[in-house]
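Please look at the model below first.

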Amino acid sequence: MELDTTELINRCKAGERHALDLLYQQYKPKLLNICKQYAKEDDVAEDLLHDAFVVILTSLDKLEKPEKLESWMISIVRNVGYHYRQHANKEQSALMQLAKEETETTDTSQTPSYDQLQSFVALLPQGYQDVFRLSVFENFSHQEISKVLGIAPHSSSSQLFHAKRTLRTLIRRSWVLLLLLIAVPTAIWLFIQKDKTIEESNPIAQKKTEMTQEPERSLDSDISQSPILVPSYQTTYPKLSAQHKPSVEVSDTTTYQIAEAPHESIQETTHQTPIDTTKVESHHDIFTIPAFESEHLLVAQAEVSRPWHISMTYSGIAGNNEDYMAQASVGKTSFNAISNTSIPTQFNNWIDYALYLNYDPMVVRDAETRSINYIATLNSTLNGGMMEAHHKHQLPVTFQILLNRQLTKRLSVETGLSYTQLNSTITTGSTQAFIQEKQQLRYLGIPLRLGWQWYSKAHFSLYSSVGATLELPVQGKVLIRHEANGSKTFQKKTDLDVPYQWSTTFGLGLQYNLTPHLGLYLEPSLQYFFNDGSDIQSYRTEHPLQITLPLGIRVHW
């Protein structure tokens with residue numbers, strides 16, 4: 001039973017579920033088409049419609065004329081769509097401006113698209129991403145962000161700084177991704193075309209193709225019509241027919257005499273006079289079949305299936321060592337949970353920190369605390385007491401030993417062991433007085449990948465791989481050194497509680513076979529490192545998405 005507009009509105013106000021569903025289904029098609037005018041994707045249009053209906057259902061009391069329900073609903077939908085477009089334009093403008101600034105200050109001439117920039121933002125760690133969206137897209141201040149996310153204002157400032165740096169790095173390297181997408185298919189196409197050209201120019205290969213395509217013939221037809229190859233082994237034979245037939249000579253030893261078989265039946269030919277081998281025939285009309293070169297034999301051997309492979313790899317990073325200055329702060333414990341001094345609050349300037357260390361009765365007065373207090377007092381008179389840190393993160397060093405098993409002609413699975421070392425140095429303070437932390441992290445990893453071979457011919461093969469790696473920490477240590485006025489005031493070594501590390505990878509590889517059992521390969525890869533949940537800073541926290549360049553040798557058997 002259909003309801004008139006007034007009754008439908010009244011029942012919706014009363015919260016009747018059937019009336020609400022009826023209102024939604026009745027006006028959904030027309031309102032959804034309006035939402036699609038503001039959003040390109042269907043799922044986004046559906047979200048806009050949902051948001052608009054929330055406003056509609058919570059504002060029905062404001063509708064004064066029920067007969068104008070449809071136009072009133074359309075105005076609400078258009079208002080929601082307009083605000084969405086304004087927000088999207090603002091977001092796009094902010095991202096494109098960031099990309100433009102980066103491309104103008106570097107040699108990168110290719111500006112990423114808006115969709116690429118959105119995907120880069122999605123790759124940021126969740127904390128960086130939340131702060132970046134609130135600050136850049138919503139224009140929230142750090143005080144407002146701290147209230148929304150429940151973090152300190154200086155923490156919001158630090159995370160925004162790192163988020164922008166990470167985005168700039170991704171933008172700067174986006175041209176490498178584009179180059180890979182263009183270069184790999186082009187290389188595959190060139191190799192395939194080159195292989196076709198070689199086959200077309202090889203008369204032996206052409207003859208072989210023609211022979212394989214020759215139709216089957218009966219046994220009698222072959223006997224009566226086909227020439228017979230008779231091996232001579234340095235001896236020639238007389239003519240077996242009136243018409244002279246040339247002989248075929250293999251360049252090394254054997255000469256073959258082509259003779260035309262008699263047209264009589266097999267029974268008749270068995271009673272003919274034996275061939276007189278005492279007569280010598282002239283060697284004119286002899287042509288030579290060239291012998292196969294060793295390269296062809298090598299290629300044929302290389303194409304034999306080798307189900308097991310072992311690889312030894314060095315993996316480099318497409319990038320530079322990280323070196324930058326950033327605002328620093330002291331958290332729950334002094335300097336990244338290294339000092340024994342517990343701190344009830346966070347400090348981001350030396351003045352407040354020095355006052356706390358000097359006058360708080362709860363501070364432990366040990367050698368390390370006295371050294372930190374001296375450094376804080378000296379720095380409180382410099383640069384307005386601002387606390388800054390100089391970060392240096394070296395490129396990771398990775399070695400791998402991998403075992404690969406061929407499952408099918410194209411599909412393979414690979415696993416093994418990897419060793420990675422990350423070194424960082426963080427120096428907090430000024431040249432007059434500073435605290436330096438030299439950090440070293442070591443991991444043993446277990447990669448697991450699937451490979452797919454796209455092309456394999458002669459010495460070259462092209463393939464891709466995808467998988468994940470679990471890295472377990474085997475060592476995490478830091479050397480802490482305090483220095484003031486050119487003299488060392490404190491030093492100690494301590495261990496870090498390093499969590500395990502997950503990552504995913506996708507690679508495109510090119511291999512050149514030196515021999516049937518040994519090959520060289522290069523496998524440019526994209527690797528993403530997930531947030532391990534710790535406060536330990538390293539090259540990976542600054543660059544969770546990395547372009548790696550594994551280079552190594554591969555042994556087949």
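Which residue forms a salt bridge with K492? E368 does, with the closest N and O atoms 3.2 Å apart. A salt bridge here is a side-chain nitrogen of Lys or Arg within 4 Å of a carboxyl oxygen of Asp or Glu. The pair links distant parts of the chain: E368 sits in helix α15 (residues 367-379) and K492 in strand β12 (residues 487-495), 124 residues apart. Both E368 and K492 are buried. Buried means under 20% relative accessible area, exposed over 50%, and partly exposed in between (1.4 Å probe, protein chains only).

The model is predicted: local features need pLDDT of at least 70, side-chain atom pairs count only at pLDDT 80 or more, and totals for chains, interfaces and linings use all residues. Residues are numbered from 1 along each chain as its sequence is written, and side-chain values use heavy atoms, with hydrogens and water left out. Helices (H or I, at least four residues) and strands (E, at least two) are DSSP runs, numbered from the N terminus.

**Salt bridges**

The structure holds seven salt bridges.

| Pair | N to O distance |
|---|---|
| E70 and K30 | 2.5 Å |
| E483 and R481 | 3.1 Å |
| E368 and K492 | 3.2 Å |

E70 is partly exposed at 29% relative accessibility. K30 is also partly exposed, at 42%. E483 counts as buried at 16%, whereas R481 is partly exposed at 27%. E7, R11 and E16 are linked in a network of salt bridges.

**Surface patches**

Patches are made of residues with over 30% relative accessible area and no salt bridge; like charges are joined within 9 Å, nonpolar side chains (Val, Leu, Ile, Met, Phe, Trp, Tyr) within 5 Å. One nonpolar patch covers about 850 Å², and its members include W308, I401, Y512 and W557. Strand β5 gives the largest share, three residues. Y512 is in strand β13 and is partly exposed at 33%.

A negative patch gathers E41, D42, D43, E46, D47 and D51. E41 is in the loop between α2 (17-35) and α3 (42-58).

**Two helices**

α3 has 17 residues and reaches 25 Å from first C-alpha to last, close to the 24 Å expected at 1.5 Å a residue. Its buried residues include V44, L48 and F53. The expected span is 1.5 Å times one less than the number of residues. Just after α6, N139 takes a positive phi of about 60°.

Methods: Accessible areas come from the Shrake-Rupley method with a 1.4 Å probe; for residues, only the protein chains shown count as cover. Lys and Arg count as positive and Asp and Glu as negative; His and the chain ends are not counted. The place of a charge is taken as NZ of Lys, CZ of Arg, CG of Asp or CD of Glu.
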